[in-house]
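Welcome, and please have your viewer ready.

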Amino acid sequence: MTQKITLAKGLNMGLRKAMENDPKVLIMGEDVGKLGGVFRITDGLQKDFGEDRVIDSPLAESGIVGTAVGMALRGYRPVVEIQFDGFVYPAYDQIVCQVAKMHFRSQGKSKMPMVIRIPFGGGIGAVEHHSESPEAQFAHTPGLKVVACSNPVDGYWMIQQAIASDDPVIFLEPKRQYHADKAELDDTVTPDPLFTSRVVRTGTDVTVLAYGPMVKTVMRAAEAAASEGKSLEVIDLRTLSPLDMGPVLDSVRRTGRAVVAHEAHVNLGMGAEISARITEQCFYSLEAPVLRVGGFDAPYPPSRLEENYLPDLDRVLDAVDHSLSF
Amino acid sequence: MTKQPASGFGPDLAEVFGPSQQDGGPELIQLLTPEGERVHHPDIDVDFPEEQLRGFYRDMVLTRRIDTEATALQRHGELGIWAQLLGQEAAQIGAGRALRPQDYVFPTYREHGVAWCRGVDPLKLLGLFRGVDQGSWDPGANNFALYTIVIGAQCLHATGYAMGMQRDGVVGTGDPERDAAVVAHFGDGASSQGDVNEAFIFAASYNAPVVFFCQNNQWAISEPIERQSRIPLYQRALGFGFPGVRVDGNDVLATYAVTQAALQRARDGQGPTLVEAYTYRMGAHTTTDDPTRYRLSDDVERWKLKDPIARVEVYLKRNGFADEAFFDSVADEADQLGATLREGCKAMPDPEPMSMFDHVYSEMTEELAAQRDGYAAYLESFEGAAVGGGH
């Protein structure tokens with residue numbers, strides 16, 4: 001069966017499916033019950049699965065993640081919602097010190113099958129702390145897996161795959177895409193494995209890497225570049241830890257040029273790691289240094305400036321031109 | 001009647017709680033005095049069979065021996081560090097023996113006596129402190145979670161685990177073999193942590209079957225309880241919406257009785273309880289600490305008179321509940337345990353270098369496997385050389 005869905009709908013359907021398939025799947029977070037979450041991602045789930053499985057939590061992020069650790073130790077598969085990216089930090093200790101290390105320190109005896117959903121990124125005109133991109137802080141932490149969906153169909157499949165994972169997954173959702181575009185979902189196909197990147201547009205001149213909200217921007221940039229006779233190959237990274245470098249390296253060996261785009265600050269962001277890996281493994285294929293396009297190394301600005309702060313089509317194209325100038 | 005201060009903001013706390021809580025205050029629940037005299041409490045009391053009393057004594061002596069041996073092993077360089085429990089034996093044995101098999105415990109890093117009660121091999125407690133593992137017992141085998149170093153974090157895990165029990169239908173069924181609860185251990189220092197306070201809120205909100213067992217040993221490394229709280233810790237529970245009690249943590253009988261009652265409340269579906277076990281850290285925070293820098297030996301001397309083991313010994317002897325042969329046999333057993341720990345500790349092998357790559361994930365990722373293989377090849381490159389690593 002196929003239908004046209006938004007990212008919000010895809011995630012909602014994926015969560016529902018996961019809850020239907022496994023009674024151990026629980027959802028917990030602030031306002032996830034009657035309200036359906038501030039973005040309505042859990043809309044209708046408490047009504048259908050009950051308050052024991054879709055749990056409105058007290059307003060305390062460390063408490064949400066810390067109690068989810070206990071639930072996971074008891075054999076449940078908690079899916080917790082952090083309301084906004086900037087509110088994950090009170091839970092940072094539980095995520096980094098407890099969630100990430102439990103399987104390792106117990107020598108595999110205690111599994112931690114938890115999904116931490118975080119709406120991330122900017123572009124919605126929000127007040128401070130509502131537009132951040134904290135992915136590198138989690139990708140830097142051994143024991144966590146970090147993924148970012150970019151479109152409705154991936155949202156539907158990836159959330160189910162993350163819930164099925166026995167390892168803890170930080171699940172990043174591009175909040176400005178939640179209700180933006182619709183895509184055709186065919187739920188009879190076999191999805192790509194979760195921890196894989198994907199070439200979403202083939203090209204020959206420059207490889208452009210993106211994930212989450214920047215995939216759409218980069219795809220539009222590729223269209224614009226094509227009208228100027230430049231052929232961009234676009235890869236949706238999808239998984240940030242572990243990185244799936246295979247398709248990236250294959251592409252860069254053909255194009256000889258790479259640009260990494262993300263909303264997060266450039267300094268020590270995902271682009272830095274990806275750039276290092278490309279350089280280490282494709283050094284002799286490179287015609288230009290790997291370039292990064294991202295948020296500036298300043299705190300996320302007041303929203304009236306976010307169009308300046310966020311990498312847009314033109315800044316991506318600028319980086320592409322810079323790469324081609326070598 | 002409590003006098004209202006002129007401010008109108010309720011009673012003067014200094015008057016309510018008094019200038020000092022040195023003796024635990026009037027609310028302290030006690031069943032065995034420091035002098036070994038059995039006293040009774042109108043609400044909390046248990047008839048203890050002689051065998052159980054002897055068991056408490058044995059548990060406490062052996063737990064103290066684990067602690068003494070481990071401290072000595074640290075001094076001999078066999079352990080990197082050890083977190084001592086000296087003085088807290090009664091609190092831990094009382095809490096530990098009140099458990100049923102189906103209950104679950106979330107410890108700090110000092111609950112060696114509770115681990116003993118749960119049947120965790122004492123030798124396994126040493127691994128973390130020797131640096132050969134980070135807790136090698138199977139948490140599911142003894143319903144005893146791994147030690148938690150980050151202060152207070154485990155209180156949330158305990159609460160979540162208890163919420164899982166609620167969903168598993170093992171709370172409030174009336175079946176004593178089935179109904180279960182969780183004990184979250186923490187200390188007076190941890191009571192200042194956000195996670196502990198959030199655990200209180202979650203447990204209260206969901207009426208979770210968890211007993212918050214606070215060993216108030218008066219010291220968070222060098223900081224006295226007065227730095228953590230201006231009111232007795234057990235009083236905090238009321239503000240969160242569940243009962244709190246203060247028990248003489250050096251009295252194994254009272255600790256057992258209070259914990260048992262709190263656990264039963266939880267198993268029955270009546271929600272959380274805060275138990276403040278009022279005790280004293282007779283040793284250092286850990287073997288790296290020097291308490292002479294921050295506290296008076298007078299205090300320590302005064303607490304020596306409240307020793308948890310001595311009062312049970314007096315009680316057993318005075319009432320003829322145990323003879324010399326019993327005390328000798330426990331002493332022998334302690335010596336044997338000490339020898340086993342000494343030999344076992346020194347025989348613990350260092351972990352294989354390659355094991356540090358294991359269990360980061362349920363299945364090793366390709367990128368981590370590449371790092372592991374690279375390091376293995378690097379180590380192998382030294383083999384056959386005059387000097388080098390390897391194993």
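Before the first selection, one definition: a residue is buried under 20% relative accessible area, exposed over 50%, and partly exposed in between, with a 1.4 Å probe and protein chains only. This is a predicted model, in which local features need pLDDT of at least 70, side-chain atom pairs count only at pLDDT 80 or more, and totals for chains, interfaces and linings use all residues. Residues are numbered from 1 along each chain as its sequence is written, chains are lettered from A and ligands numbered from 1 in the order in which they are written, and side-chain values use heavy atoms, with hydrogens and water left out.

**Stop one: a helix of chain A**

Select A:Thr279, which lies in helix H10 of chain A; helices (H or I, at least four residues) and strands (E, at least two) are DSSP runs, numbered from the N terminus. A:Thr279 is partly exposed, at 32% relative accessibility. Which residues does A:Thr279 touch, leaving aside those up to four places away in sequence? They are A:Leu286 and A:Val290, where contact means heavy atoms within 4.5 Å.

**Stop two: backbone details in chain A**

Go to A:Leu268, in the loop between strand E13 (258-265) and helix H10 (270-281). Its phi is near 60°, a positive value in a residue other than glycine, and A:Leu268 counts as exposed at 68% relative accessibility. A:Asp31 also has a positive phi, near 70°. You will find A:Asp31 in the loop between E2 and helix H2 (45-49) of chain A, partly exposed with a relative accessible area of 35%. Then pick A:Ser241 and A:Pro242: the peptide bond between them is cis, with omega near 0°. A:Pro242 sits in the loop between strand E12 (239-241) and helix H9 (246-255) of chain A.

**Stop three: where the chains meet**

Show both chains. Here 47 residues of chain A are in contact with 39 residues of chain B. About 3300 Å² is buried between them, 56% of it from carbon and sulfur atoms; buried area is the accessible area (1.4 Å probe) that two parts lose on being put together, summed over both. On the chain A side, select A:Arg74, A:Phe104 and A:Arg105, which lose the most area to chain B, together 22% of what that side buries.

How many salt bridges cross the interface of chain A and chain B? There are four, by the rule that a side-chain nitrogen of Lys or Arg lies within 4 Å of a carboxyl oxygen of Asp or Glu. For one salt bridge, display A:Lys24 and B:Asp168, whose closest N and O atoms are 3.7 Å apart. Next, color helix H3 (61-73) of chain A, among the elements that each supply at least two residues of the side touching chain B. H3(A) gives the most to that side, with 10 residues.

**Stop four: a strand inside chain B**

Finally, select strand E3 (residues 210-216) of chain B. Seven of its seven residues are buried, so E3(B) is largely enclosed by the rest of the structure. B:Val210, B:Phe212, B:Cys214 and B:Asn216 point one way, and B:Val211, B:Phe213 and B:Gln215 the other. In a regular strand, side chains alternate between the two faces of the sheet.
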